[in-house]
Amino acid sequence: MALPVAEWQGRTARLWAALGPALRERLAAASLHDAVLLGCDLLRSEEEEEAALVRLCHQAPTDKKPEAASWYREQGNREFKQGHYQAALRLYSKVVSHEPPGSPEVSVCFANRSAALLHLGHFEVCLEDIARAESHGYPDRLLPKVLLRKAECLLCLGRLQDAQDILGMLESKMALDRAMTTHLTRLKKLSQLKVKLCEERCPEPAREARGGTQGKSEIWEENSSISGASSSLSLSFDAERGRHLVASQDIVPGQSLLEEEAFVSVLCPGESLPLQDGEAAWDTRATNADLYCHRCLRQLLASVPCRGCSYAKYCSQDCADVAWQRYHRTECSLGALLLTLGVFCHVALRTVLLAGFAEVSRLVGWSHSGDEDLQNPEAPDAGAGTRGVPGCDSSGRYQSSYQALFHLLPHTEQHSPEHKFLCTLSVVALCKQLQAAGLEAAVLNQESPQQWSEPKTCEKTSDELSPGLKTVAEGMLRHVLQLQCNAQAITVMQELGPGDGAVVNKKPLRLATAFFPVLSLLNHSCCPNTSVSFSGTAATVRASQPIPSGQEVLHCYGPHRCRMRVAERQQLLSQYFFECRCRACLEELESGVKSVVSIRNSFCCPECRAQMQGEEDILCCSNEACATSASRENLSCRLQDLQQQIKKALGLLRVGKADRAIKMLLKCQMDAGSFLSPEHLLMGEMEDHLAQVYATLGKWQEAARHLKKSIEIVEMHHGPSSVETGHELFKLAQILFNGFAVSEALSTIQRAEGILSVHFGPQTPQIRELQEMKACLSELPRNILQRT
């Protein structure tokens with residue numbers, strides 16, 4: 001959640017309403033500096049609010065709880081015994097996160113998790129967990145079975161000599177555990193058999209990469225004035241559009257325009273169940289916080305926990321150490337507060353921690369002398385070639401730096417007074433907690449590295465916020481307000497379902513919130529000429545269509561013209577404090593023609609199937625010869641019921657009841673046809689779901705037939721060269737490949753590869769999979785290719 005929890009928002013709203021008119025007027029007109037001072041005064045006199053915030057934090061605990069570790073271990077053992085190794089793996093990771101450092105149980109946790117990893121075939125990671133178990137003092141009496149597991153992994157990885165060395169160690173342990181003799185004999189036989197097979201097998205020649213764009217490097221010449229940007233772009237500035245990027249030469253679709261690492265990113269935690277009062281029950285569901293590294297955002301398999309809290313998890317010890325040194329040593333003890341105050345406050349805190357107090361203080365001080373006029377050509381360190389373009393350094397270069405980030409507009413005077421008040425109190429409350437927890441020296445960079453090794457304990461200090469922390473609070477308030485217009489969602493394509501089928505279904509997932517100073521230079525359009533993709537914390541912008549020299553390079557902030565009507569888009573875009581005048585909006589507003597989006601997603605007449613129309617509660621058939629009318633509320637209820645039935649059908653598929661799922665989806669399809677437009681997106685989704693079920697059953701022709709219908713509707717809504725169409729074609733290629741429809745599969749692969757490479761580049765896993773399918777099909781005998 002970007003903003004604080006609803007309870008804290010409600011309390012600040014009531015506090016705002018209780019203020020006198022004069023004070024509300026002062027707060028509404030206050031500069032960031034004055035807002036922080038007023039917020040400090042208010043919170044000092046409102047001890048009840050601070051106490052309420054502490055109570056709210058108890059609903060999102062992040063400290064380590066041995067009783068939670070014990071409970072998760074029981075659940076994990078139960079899942080393991082039932083053969084549910086993936087579920088056991090997740091639960092054992094939760095155990096590891098809750099065990100305090102130095103606990104004798106930590107080594108057993110890693111060993112238990114290594115067993116699940118072995119069953120899942122993750123041999124390298126299994127070895128890592130075994131090493132962790134050994135380094136944490138795994139009991140000597142239990143060591144033989146872990147060594148046996150280690151040898152088995154090494155055998156599976158083909159590391160036969162290493163496996164033999166482990167067998168030697170096992171022999172030395174036999175005196176401690178005679179029960180290992182049978183397993184050891186079996187393992188020796190397996191080792192000997194594998195050695196013999198390796199000696200007899202002729203080595204296969206390495207296969208060269210075939211076809212497509214695999215192995216090709218993208219043409220890239222970095223811009224001398226904009227870090228991470230292509231030389232085909234130039235930075236411009238004017239009063240209407242502010243800073244923006246323009247093509248300095250003709251750009252072709254798929255061309256890389258910008259590659260930028262986030263200055264700061266914070267994982268969105270995902271939903272979780274709050275603890276109930278008096279209950280020792282913990283949520284077993286896996287959220288973003290369990291599935292992705294809290295620093296680099298890589299997907300987690302076997303997480304490395306923070307030593308101080310149960311919340312932060314990392315993909316490696318290196319990531320954990322870097323995060324600790326750069327920011328987590330300060331954030332660790334504040335985890336519950338940061339979850340309560342929301343991702344925007346967390347991003348703001350991490351931003352100032354990464355920038356360092358000296359730089360924050362310098363720019364905050366300059367903003368006072370500059371009277372917040374960030375379009376002032378005399379911006380600090382502005383070069384002669386960039387006069388009037390804020391954020392550039394002394395050499396005239398616009399970098400992905402804190403200075404560039406600081407110059408993103410906070411729109412202080414355009415936020416509602418209530419929102420500004422909420423942000424102010426949240427930031428001040430966070431800084432007061434930093435001071436109360438004895439973290440002020442760390443935030444102000446006044447500690448030596450030797451003092452960073454252990455988590456902080458709370459030590460109460462003065463209620464008056466120190467001058468240094470008031471500066472930090474002002475910087476943080478600026479960043480929280482900036483985020484409304486400049487936050488970038490980092491997204492990933494997440495697999496739906498278990499992910500073990502022949503056809504992989506994916507959906508986009510918001511993974512993290514980040515600041516990208518250079519990416520923020522791109523202005524919005526509802527019909528953009530770029531596409532943005534992410535790899536970990538890095539963003540890549542590519543041209544999605546030809547961009548002639550002199551044309552502005554544009555990015556869509558969210559509501560694309562293909563997905564939403566102009567009135568709805570304009571309403572959503574109001575959060576960015578501008579009225580969109582892009583080509584798509586102007587065409588719709590000036591033509592007066594009803595949006596094609598509303599037509600395609602409309603209700604249809606139950607009698608003659610013509611479009612139902614009207615702006616009021618009663619909709620009428622657009623066919624003049626038909627007098628049918630219907631209640632909008634009634635039709636909307638039917639749509640909601642239909643969506644619930646589709647969810648139930650997908651639930652049946654997940655538990656292996658594919659035949660029942662097909663019957664339910666076909667019935668849903670029939671019901672939908674009686675009141676939804678044939679081009680309605682839900683009609684396409686049902687075709688997609690039917691394709692998924694038939695693919696599960698191995699009925700490839702039926703699956704392909706339904707998916708082709710889905711693609712027709714997706715193309716109508718999103719366009720034939722859209723990301724959505726590319727993903728659907730990727731699934732169709734998988735189905736045709738598995739169904740041995742060679743000729744059609746090859747043409748579909750070619751089209752999918754062309755679309756996806758434009759949006760994601762030539763080196764993505766999907767492109768590589770398409771190329772592997774193409775290489776496999778191309779190797780078939782010529783007579784089979786001709787026959788198919």
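Biologist: What makes strand β1 and strand β2 a pair, and in which sense do they run?

Modeller: Two strands pair if DSSP finds at least two bridges between them. Strand β1 (residues 233-238) and strand β2 (residues 242-247) have six bridges, in the antiparallel sense, so they meet that rule. Strands here are DSSP runs of E, at least two residues, and helices are runs of H or I, at least four residues, both numbered from the N terminus. The model is predicted: local features need pLDDT of at least 70, side-chain atom pairs need pLDDT 80 or more, and totals for chains, interfaces and linings use all residues. Residues are numbered from 1 along each chain as its sequence is written, and side-chain values use heavy atoms, without hydrogens and water.

Biologist: Which residue stands opposite S234, and how many residues lie between β1 and β2?

Modeller: S234 faces V246 in β2. Three residues lie between the two strands, which form a hairpin.

Biologist: Why is the pair of W71 and Y72 called edge-to-face?

Modeller: Rings of Phe, Tyr and Trp (its six-membered ring) pair if their centres lie within 6.5 Å; planes under 30 degrees apart are stacked, over 60 edge-to-face, and the rest tilted. A search of the whole structure finds seven aromatic pairs. For W71 and Y72 the centres are 5.4 Å apart and the planes stand at 70°, so this pair is edge-to-face.

Biologist: What lies over the face of F406, and at what distance from the ring centre?

Modeller: R478 does, at 4.2 Å. A charge sits over a ring if NZ of Lys or CZ of Arg is within 6 Å of the ring centre and within 35 degrees of the ring normal. R307 likewise lies over the face of W324, at 4.5 Å from the ring centre. F406 also belongs to an aromatic cluster with F263 and Y402.
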